[in-house]
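Let's take a walk through this protein together, with the sequence and the model side by side. Please keep your viewer open as you read.

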Amino acid sequence: MTQELSHTTDAPRGIFITFEGGEGAGKTTHIRFLSEALRAHGREVLCLREPGGTDIGEQLRAVVLDPKNEGLADEAELLIYEAARAQLVARVIAPALERGAVVLCDRFTDSTVAYQAYGRGLPRMFVDRVNEFACQGVHPDRTILMTTGGTAATGLVRATHRGGADRLEQAGEEFHGRVNESFLEIARRDPERMRVVVSGGRKSATAAAVFAELTDLFPWMADLVERDPGFFDRLDVKRSQVEA
C-alpha cells in the first residue's frame, strides 16, 4: 500500500486507483462500470475527477478548461491544477482512504507530468516537486493507462464528437502527440503501478482487460468471467441500445 495512512483492523484497507490517458481514451465509461462492480461486492466507492471533486476544485476546473482563457500562462495552468489537487487530496481522498473506501480518480499526477511537463515543456523536476507537495504522501496503488491505440488525432475526434473542444483539447495534435508518448514512457518506467489497456475495440473487451489488471487488489475479479460469462457483455448491449 503506497499511501501513508493507518486503518483499523476491522475495516478493509483503502485502495486508490487512478485512470490516465490522452483525449478520447474512454476513461469515464470504465470508471463507472468498475465502480458498479465494486459496490456490488460491498465496497464504498468514490468516483472523482481532476481537476474537480470539490466545490473549489470544480471552480478551478472551469477556469483552466475554459477556451476563453487562451491567455493563461503555462505556469499558472500548472498551479491551478495543483491547487485543485491539494484541495481534493486533503478534503476527500485522504479521508476516504482512511475509512477504507476505494477511490477511483479520472486523472491524477501522471496527467500533470504528461500535459504540463511534456506537453507544455515545464521543468519535470519542478512538476514532480509540486505534485508531491499537493499529494502530501498519498499515491495511487494502481494506475490504468487507457490508450486508443491510434494517433492523437483519433483521440481528439472521439473526445470532441459530442460538443466543442475545451482549452486543453484545443492545444493541437502535436501537443497531444507529446502527451500520449509521455504516458507510455511513464508506463515503461513504472510497470508495476501503471498498466496499459487499449480501448480501441469493444467496450466489453476493454472492461475485461481493466479488471484483469486489478485482480491482485481484488481477488474476486480473477474468476468473475467463469462465474458470469456475460458480465462484461452488458457494456456492448448498452451501447447498441443507445445507437438504436
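Predicted model: local features only at pLDDT ≥ 70, side-chain atom pairs only at ≥ 80, totals over all residues.

Glutamate 23 has a relative accessible area of 14%, so it is buried, the cut-off being under 20%. Glycine 26, at 29% relative accessibility, counts as partly exposed.

Now turn to aspartate 106, which has its place in strand β3 (residues 102-106). Aspartate 106 counts as buried because its relative accessibility is 14%, under the 20% limit. Which residues does aspartate 106 contact, leaving aside its neighbours within four places in sequence? They are Phe19, Lys27, Thr28, Ile31, Leu48, Arg49 and Glu50. As for glutamate 50, it is 56 residues from aspartate 106 in sequence, yet their C-alpha atoms are 6.1 Å apart in space.

The largest nonpolar core has 27 residues, and Leu38, Phe211, Leu214 and Phe218 have the most contacts inside it. Elements giving two or more residues to this core are β1, α1, β3, β4 (142-147) and α8 (203-212). The largest share, five residues, comes from α1. Leucine 214 touches Ile17, Leu34, Arg142, Ile144 and Met221, not counting residues up to four places away in sequence. Apart from this core lies another one of 20 residues, among them Val113, Leu122, Phe175 and Met194.

Finally, look at the rings: the count comes to 10 aromatic pairs. Phenylalanine 211 and phenylalanine 231 have ring centres 5.9 Å apart and planes at 65°, so this pair is edge-to-face. Because phenylalanine 211 lies in helix α8 and phenylalanine 231 in the loop between α9 (224-227) and α10 (233-243), the pair ties together parts that are 20 residues apart in sequence. Both of these phenylalanines are buried. Phenylalanine 218 and tryptophan 220 make a tilted pair, with centres 6.4 Å apart and planes at 50°. One aromatic cluster is formed by Phe33, Phe211, Phe231 and Phe232. Elsewhere, the charged end of arginine 85 sits over the ring of phenylalanine 108, 5.2 Å from its centre.

Key
Residues numbered from 1 in each chain as written. Heavy atoms only, no water. Helix = DSSP H or I, 4+ residues; strand = E, 2+ residues; numbered from the N terminus. Buried < 20%, exposed > 50% of the residue type's maximum accessible area, 1.4 Å probe, protein only. Contact = heavy atoms within 4.5 Å. Core = buried A, V, L, I, M, F, W, Y, C linked by side-chain atoms within 4.5 Å. Phe/Tyr/Trp six-rings, centres within 6.5 Å; stacked < 30°, edge-to-face > 60°. Lys NZ or Arg CZ within 6 Å of the ring centre and 35° of its normal.
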